[in-house]
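Reader: Please take one part of this model and go through it closely. Keep it brisk, and give the cut-offs.

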Amino acid sequence: MANKRVFSGIQPSGDLHIGNYLGAMVNWVRGQGEHDNVFCIVDLHAITVPQDPKILKKRILENAKMYLAAGIDPKKSTLFVQSDRPEHSELAWILNCFTYMGEMNRMTQFKEKSNQTKVRTEMKKILKKQKGYTTKYLEKRLDELKDAKTNTQEWFESVMLEIQKEQFDQEIEATIDNYFASNATVGLFDYPVLMAADILLYDTDEVPVGDDQKQHVEIARDIAKRVNNKFGKVFTVPEPIIKKEGARIMSLVDPTKKMAKSDDSENSYVLLRDNADTIYKKFARATTDSENVIKFDKEKKPGISNLLNIMSVATETPIPELEKKYADSNYGEFKKDVADCVIELLKPLQEKLAEYDKNEDYVRKVLKDGAEAVAPRAQATLERVKKAVGLGL
Ligand code: TYM
């Protein structure tokens, strides 16, 4: 039987953290020998939210260095930049015509990102509690957020001050909802369809991702099946591959939220380039509880459970074994050991990164060669789809 085809991607929208590494990259590297792998830096996805062009360009290269330093071997896997292959956007357009608005509306990531969650949930909480203000005032002030120079935190505080002085209006909540929904881009809404195009373009069997991407891979499956039902077998129907361990690394500051590159608090994530000192500090500050018992209990002890999970994936040790080992330790000792494991885990990656920093031309060449290597496959799929749908002469 031919090797399984694997596809996965990472957005160059921020610095990569141990969530990306333990949730996704580790699995890509581990499966490398057995599968036919394609890995992509999905820059077209990154522009669904505002990006500084210069920073975006740097991050594309930075992501590629991370892939290579993590152990992706260009002899065994193909690595390329999404926008270097125009077939992705073209297939996304065709798939758009086989995707329903209702399906996209249910995507939780769109809701989270378009919400500007933090500001919005805080606002709602306060508004619920203290009932104060008119829709008109708020509408006027919301427009200030369009200006990139507006400091969201200061804006939020000044609006809140005003609100405290004023009258209550029930419509405020709806106004906030409408505002944030209508100011998200169509690209952000359509993001899962582009992701489906990425996956389906390469006849992918398996998509190794973290837990947060499961819903998106499922949409890709639904679209593939729908098109196949209409036109015969056009697409391979992909499977999400989500390892139980590492699938959801949580924020160190608020362990009920996933670790994310977009988080405002630097202490919430450990970046793959963080030095030992920073890593010790971040783990020392990690939110835990007051019980001083090292036991896995996601509901009651989300902080300690997250640290156990991180240590377990970093050292490939089952959690019960770690619970036993740390039965008599205090949180301080345990946190220091978690930091040590992560430092140890990142050491080889950081050493290789330093080499790629000195050899960026090599990294660029890997990406260019990768984009050429996948071209025949991408073009063949696109031709097959166009023919099935009846496009062109
Ligand atoms: P992105 O760039 O947000 O994340 C890249 C990978 O890292 C995983 N991940 C996590 N895993 C565990 N814990 C966390 N805290 C954590 N944060 C991120 C993600 O699940 C992902 O696997 N839409 C995708 C990129 C994409 C893609 C694709 C992926 C575009 N096209 C096709 C697979 C196939 C994304 O935004 O990932």
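Author: Start with helix 11, residues 186–201: at 1.5 Å a residue, its 16 residues should span 22 Å, and the end C-alpha atoms are 22 Å apart, which agrees. The expected span is 1.5 Å times one less than the number of residues. Helices here are DSSP runs of H or I with at least four residues, strands are runs of E with at least two, and both are numbered from the N terminus.

This is a predicted model, where local features need pLDDT of at least 70 and side-chain atom pairs count only at pLDDT 80 or more, while totals for chains, interfaces and linings use all residues. Residues are numbered from 1 along each chain as its sequence is written, and side-chain values use heavy atoms, with hydrogens and water left out.

Back to the helix. Helix 11 bends by about 40° at Pro192. The bend is the angle between two fitted axes, one for the seven residues ending at a residue and one for the seven starting there.

Next, burial. Buried means under 20% relative accessible area, exposed over 50%, and partly exposed in between, with a 1.4 Å probe and protein chains only. Just after helix 11, Asp203 has a positive phi of about 50°.

Strand 2, residues 36–41, is also largely enclosed by the rest of the structure, because five of its six residues are buried. Strand 2 runs parallel to strand 1 (residues 5–10), joined by six bridges. Pairing requires at least two DSSP bridges between two strands.
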